[in-house]
Amino acid sequence: MKKHLLIALCMAVSASCLAQQPSNTRLLKEESKAVLINDKGTSTSSGYREYVYDKNGWPVKQTQDGEDDYYYDFELNSAGYATKVATYNLNNAGTKHYKSRIDYAYNADNKVEKKTIYALAYPDGVAYGDYDKMILKPKTEYFYEYDSDPKGFLCERREYDITNDKLSYIDKSVWLKDANCYIGHSSIKQRDYEQISLDYDPAQLLFTEKFYKKDKDNHIYLYQHNLYSFFNDGTTKEKLYQQYDKDGKLVDISGVKVDVTKDAATNMFTVVLSGPRMENGVITYSRSYEYKASANVYYGLPLTYENGNRYQYVTYPNEETTENIWLAPNALFTRGTNETTITYTNDKGNEEKKNLEKSPDGTYTAYFNVNPSDNDKCDKIFVYDEQKEKMVRMIRKNRKDFKYANYRDICTLEEKVGENWKPLANNSICEGRYMLITDEQGRVKESISYQSDGTCDGYYQFTYNEKSCTSTYTICIDDNTTMTYFTDEYVVDGNITTTTRYKYNSDQTKYLYTKTVEEKLNNGKDKKTLSYSYDRNTNQWNFEKGTIYTYEDMADGFVKQINYKVMADGSQVPYSKDVYKTLPEGLDAYFYHWDSDQNDWVGASGYSEWKYPEAEFKYNSVRDNLFRHFDPLSTNNYLSEETPCLKGDIKMSRKYIWDAATKNWKTKIEKGYELSEDGKQLTYKDMKINDEGVTENDIWSTWKINDKGLLLEKNTYYYVKDESYPGEETTSETYKYDDYDNLLCETSYNKNSYYQNERSTTYIYGQIATGIGQATVGGLSINGRTFILNGAQLALYNTAGQCVATGIGQVTAPAPGVYVLKSGRMSWKMMMK
């Protein structure tokens, strides 16, 4: 869906540059237009900006509508990276008045270590509104480290109050390489604090935080002194909060101290939490809480199969234990003080939790009817042995050879052994209050039902032949008396399955009762079912009802299912129709009934539900048209990435109603995200129509990108019934680029009940006269077979895609040939002679 930026340049060692975009390309001009329409009429405005560059290709001035607007002030290091980027105006006396400034400090690899952003402030004694006397002061500082991520990580941020130059916020993070994690803390200055500080001691992994206040005599004193320390694995060791009065006396303490011991044999951590208190001016600790946890619980890992099959947590002093044990990647056993459950996730991703029930044989079982949801089409039984305190069996009920029988216990029981399933032969298993007993092939031969007090309620007995089976149900009246209630006989003859039910008189005389004949048609796709009842007076079968289900594959993956009623004379009358498409991502389904008056199908209901859990949508926008052409930092970082829909959020649901007038479906409710097949357009919708046909709300947005992932269009529409502002509103944005991701034109449109606003900006590029040689392209220069791009991470690949050289600032091709040089988002394709 998203491709990296690829700029193909062909070069020869002779320094003849064949790049399609010369290195002296610059943004020369911006032309803007705007149209505003409201109740006062139509107003238009336009303007333009132009940029002037020096011989090194850096801008020196920007003009607005032909007049000098402001000037640029740059300072560069020896590698050509800007250490200061500032803008200023000239007052009437020709004196510089700075408007903005950013400073950069670099490491030896020309990676940014510190970035300082300045803001305008009034010096002492200058009245508000005297803008010409405002000065720049440091407002925000960013510090970066590259140990955890070669691309850099923001490890510290400082905010200053420019009215008094005092630190107002600090956030500090430290990378622990051995633990592969960060530790850190942040402090914020409250309104009544005078100043704050946050220091770090790497030897003790200790952050020290201090807050200062001012008393009524304007004396500054330490008010709060807090300590935050960590273990080598990054977990908290101690938090201590200490409060002082203006005389320096400790008046209040709070916090927690953590003592951890690990049992190497069980890999369990015992954690003791203690709280501080004052005794005779000395801080002591008393135990407040203790728990024992497995490593994955101690480190806060997500409760997943991949993070360990057992999660254990024990609290003291009562030793209340909670265990989560993965029996399989989709089956979680939970045992706690008030809970003993199995959580099963079927193959469609639906999660279900059930309590373990005590069975007649003393085990605890949980039964999951997941037949239509699992790929193996089998229900599952989990068996827990309380005596052994472990899950001893995972059983499935395999009915693939007995689908002709309509009773769920006519099946083969199979036990999970390793990754395979084996028949549970000559054995027994409980399923809640039912006990299932198997024969030598693992087929259930008896199913016994028990009451809560353990007495037998009744039982089924099954016998199997090659193409038939029988099921007899017997009721237990008391311990010594039983009565056979019915017998079902299933006989398969080719495509026809006949199910005959026999009942028994009070004297246990067996007699015919009902019969169902099911016939497979159209190579098994369609099904015809006829039902009969037996008249004992006339000794004949009487027709009761009949149905025919037909299935037809349609275009676009849809299936049409029609249900007919079969009459006594054999005629067929349409009854219902279902049209649906089912895929792993979701389904569309439409349901109809037959209207005999109209002699046609009429829609009853319809809905769709589609999910794409692995999909996400991102786009890039050009955030810098100016600096990317000359500033090495911006060359590889001129795009801004946005993610309007995160992974797992792309799903769309709809409900439909039947429009009798047009005999078509009409969307009633629509909500969610959907992605086009090529992945280049994301659509969000939130629409609802009430039962009277009135639109309650209609909200939608679309994002469209090109092959490089650059945003081309963004459109929104908003309407909510009965809201006063903005009522109905439409917005749109469009963007056009050249082959090198230069933004050529951007437009915006906004219309609501109160006004209409249109804006457009056109960007004009061209070549300027610079001192840059022809063998330099986009900051890249060539010396023999060596390619130089100051401070950049470089990788050189041959035509087979193999990396042949890497380096910081420069790499050398091993021999003549065609190579691809990559640095960040930039790529160059070169032919070396």
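**View 1. The β31–β32 hairpin and its glycine.** Here 5 residues sit between β31 and β32, and in this hairpin glycine 442 takes a positive phi near 85°. This is a predicted model, so keep that in mind for every view. The two strands run antiparallel and are joined by 5 bridges, with β32 covering residues 444-450. Look for isoleucine 437, whose bridge partner in β32 is glutamate 446.

**View 2. One hairpin back, β30 meets β31.** β30 (residues 428-431) and β31 (residues 434-438) pair in the antiparallel sense over 4 bridges. The hairpin has 2 residues between its strands, and glycine 432 in the turn shows a positive phi of about 65°. Glutamate 431 has tyrosine 434 of β31 as its bridge partner.

**View 3. A 12-strand open sheet.** The strands follow the order β12-β13-β14-β15-β16-β17-β18-β19-β20-β21-β22-β23, with antiparallel pairing. At the edges are β12 (195-201) and β23 (351-355), each pairing on one side only. From one strand to the next, the twist averages 15°.

**View 4. Inside that sheet, β15 against β16.** Strand β15 (residues 236-244) and strand β16 (residues 250-263) run antiparallel, joined by 7 bridges.

**View 5. A nonpolar patch on the surface.** Ile477, Met483 and Tyr485 make up this patch, and together they have about 270 Å² of accessible area. Tyrosine 485 belongs to strand β35 (residues 482-493). With a relative accessible area of 36%, tyrosine 485 counts as partly exposed.

Technical notes. Residues numbered from 1 in each chain as written. Predicted model: local features only at pLDDT ≥ 70, side-chain atom pairs only at ≥ 80, totals over all residues. Heavy atoms only, no water. Patch = residues over 30% accessible without salt bridge, like charges linked within 9 Å, V, L, I, M, F, W, Y side chains within 5 Å. Areas by Shrake-Rupley, 256 points an atom, 1.4 Å probe, with all protein chains shown as cover. Salt bridge = Lys/Arg side-chain N within 4 Å of Asp/Glu carboxyl O. Buried < 20%, exposed > 50% of the residue type's maximum accessible area, 1.4 Å probe, protein only. Pairing = 2+ DSSP bridges. Axes fitted to C-alpha atoms, helices over the stretch in contact; angles between N-to-C directions.
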